Amino acid sequence: MNLYVLLAAISALVLYQLIILVFGKKRTEIGYIITSSILIGFVYFFFFDSLVSTYGQYYQYGTLAIILLYFFTGNLKKYFKKDISEYDFYALEKELDDVKNASELLRKRFVSTIELLHQGISFRESDNTIFGSDRFITIMGLESNQFTTEEFESIIYKDDIIQYRSSLEKTTKRNPIYTLNYRIIIHDEIRWVKEVGKRISINKKIGYISLVSLVDIKQYPTTEIEVLNALKNEKNLYNEMQKCTREKTPYHLILIHLTNIPKINEKYGREVGDLMMGEYIKKMRYNFIKEDQSLYRIGGIDFALLIKDEKKFEFLNRALSGSGDLMNLKMVFGGITQTLYPNLGISAAPYEGVNPDKVLEQAKEALSVSLKDTTNSNYIFYDRI
């Protein structure tokens with residue numbers, strides 16, 4: 001009977017190994033099973049009479065104990081060592097395949113998303129190598145998707161390199177985002193580009209990811225210049241003033257003349273002047289505008305701001321009465337640093353029934369006074385002339 005117990009135990013181990021082989025593992029301890037089976041079979045056929053004796057029983061129990069002890073201690077030892085046993089190898093391999101497939105799917109989605117962007121994308125590694133998307137190398141006039149920082153900086157306009165490096169070096173963990181405009185030279189042609197990037201840290205190594213787009217009013221209207229093109233004109237301004245009169249809505253009219261834009265155009269080109277005007281208008285929108293009918297372009301460098309909110313006008317009034325810096329704007333485009341100094345003419349329609357023509361005339365008169373050489377201030381309130 002003891003022999004049957006021993007054989008049953010061996011059979012259970014063999015069955016366990018077969019289940020693993022069929023339902024999830026590629027490799028088993030088949031050598032261990034074969035060795036144990038040969039040992040039991042050899043003793044059974046050649047020493048059958050001894051097996052039924054007391055010593056035979058000891059042998060059977062001892063063999064069973066050794067087999068079980070070897071089997072369990074071997075696996076427990078590997079488990080506590082956090083080692084990968086042969087039983088775990090196939091499951092790990094399958095898990096790696098799943099991860100690989102998921103990673104490949106994410107990669108394809110990411111690449112497909114990049115292809116839909118107008119901007120080019122670049123990844124700057126800590127070892128000073130850069131990978132650029134196809135769109136990026138097209139914009140930058142490069143020949144390969146993989147290049148060094150030296151190769152990249154060689155196409156940047158000489159006067160803009162210092163500003164470019166400085167912008168990246170100023171990024172920190174707390175303030176990782178940077179935005180800059182700079183010039184590149186492609187086949188002796190100068191192009192303006194805009195780069196928006198972010199500092200990233202991978203395995204304690206610093207890198208940068210950035211979006212780059214050409215600043216071109218004709219081909220790429222999604223730049224600052226689009227702000228200018230989208231503004232409503234003087235006729236729209238007049239219609240809105242009439243609407244305020246009909247609805248008995250008080251308002252203030254501010255005429256803005258960007259005085260030093262002609263000098264900037266003369267020195268750096270009209271493209272730079274347009275970029276600076278676009279940035280200026282964006283600042284005005286950020287500070288004062290929530291509704292669409294507020295900012296208008298009434299001439300090349302002349303704009304109008306219609307403020308219906310009394311709190312916003314008080315904010316403007318306090319800013320002008322102080323340093324006046326709210327209406328000034330310092331901008332950096334590559335190696336070009338300029339401050340835009342506007343002249344302002346301000347009038348008001350504080351009660352119902354004020355004729356829009358009169359309000360507009362008063363604002364123009366105030367602006368004209370501010371432009372005189374004898375005027376000490378760059379802004380004039382009509383009612384304070």
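This is a predicted model: local features need pLDDT of at least 70, side-chain atom pairs count only at pLDDT 80 or more; totals for chains, interfaces and linings use all residues.
Strands here are DSSP E runs of at least two residues, helices are H or I runs of at least four, and both are numbered from the N terminus; two strands pair if DSSP finds at least two bridges between them. Numbering starts from 1 along each chain as its sequence is written, and side-chain values use heavy atoms, with hydrogens and water left out.

β5 and β6 form a hairpin with two residues between them, and N203 in that turn has a positive phi of about 55°. K204 lies in the loop between β5 and β6 too. K204 isn't a glycine, yet its phi is also positive, at about 65°. K204 is exposed, with a relative accessible area of 83%; exposed means over 50%, buried means under 20%, and partly exposed is in between, using a 1.4 Å probe and protein chains only.

On the β4 side, β4 (residues 177–186) pairs with β5 (residues 189–202) in the antiparallel sense, again over 10 bridges. I184 has R191 in β5 as its bridge partner. This hairpin also has two residues between its strands, and H187 in the turn shows a positive phi of about 50°.

## The five-stranded sheet

Now for an open sheet of five strands: the order is β8-β9-β7-β12-β13, and the pairing is mixed. β8 (295–297) and β13 (379–381) are at the edges with a single partner strand each, so one side of each has no neighbour in the sheet. On average, neighbouring strands are turned by 20° against each other, direction ignored. Angles like this come from lines fitted to C-alpha atoms, for helices over the stretch in contact, and run from 0 to 180 degrees between N-to-C directions.

Within this sheet, β7 (residues 251–258) and β12 (residues 342–349) pair in the antiparallel sense over eight bridges, and L253 has S347 in β12 as its bridge partner. Helix α14 packs on the sheet and touches β7, β12 and β13, where contact means heavy atoms within 4.5 Å. The direction of α14 makes about 150° with that of β12.

Q362 is part of α14. At 14% relative accessibility, Q362 counts as buried. Leaving out residues up to four places away in sequence, Q362 touches S347, A348 and Y382.

α14 (residues 356–370) also meets α10 (residues 234–246): the axes come within 9 Å and cross at roughly 125°. α10 and α14 are therefore oblique to each other. For the angle classes, under 35 degrees is roughly parallel, over 145 roughly antiparallel, 65 to 115 roughly perpendicular, and the rest oblique.

Which residues of α10 and α14 meet? From α10 come E234, L237, Y238, M241, Q242 and T245, and from α14 come P356, D357, V359, L360 and K364. By class, that contact has six nonpolar, two polar and three charged residues. Here Ala, Val, Leu, Ile, Met, Phe, Trp, Tyr, Cys and Pro count as nonpolar, Asp, Glu, Lys and Arg as charged, and the others, Gly among them, as polar.

K248 is in the loop between α10 and β7. K248 is another residue other than glycine with a positive phi, near 55°, and at 53% relative accessibility K248 counts as exposed.

## The nonpolar cores

A nonpolar core is a set of buried Ala, Val, Leu, Ile, Met, Phe, Trp, Tyr and Cys residues joined through side-chain atoms within 4.5 Å. The largest one has 33 residues, and I256, L258 and Y280 have the most contacts inside it. Helix α12 (residues 270–288) supplies the largest share, seven residues. Beyond its neighbours within four places in sequence, Y280 is in contact with I256, L258, M327, L329, L340 and P342. There's also a second, separate core of 22 residues, including F152, I156, I186 and Y208.

## The whole chain

Zooming out, the protein has 14 helices and 13 strands. Buried residues account for 39% of its 385 residues. Among contacts between residues at least 6 apart in sequence, 57% join residues at least 24 apart.
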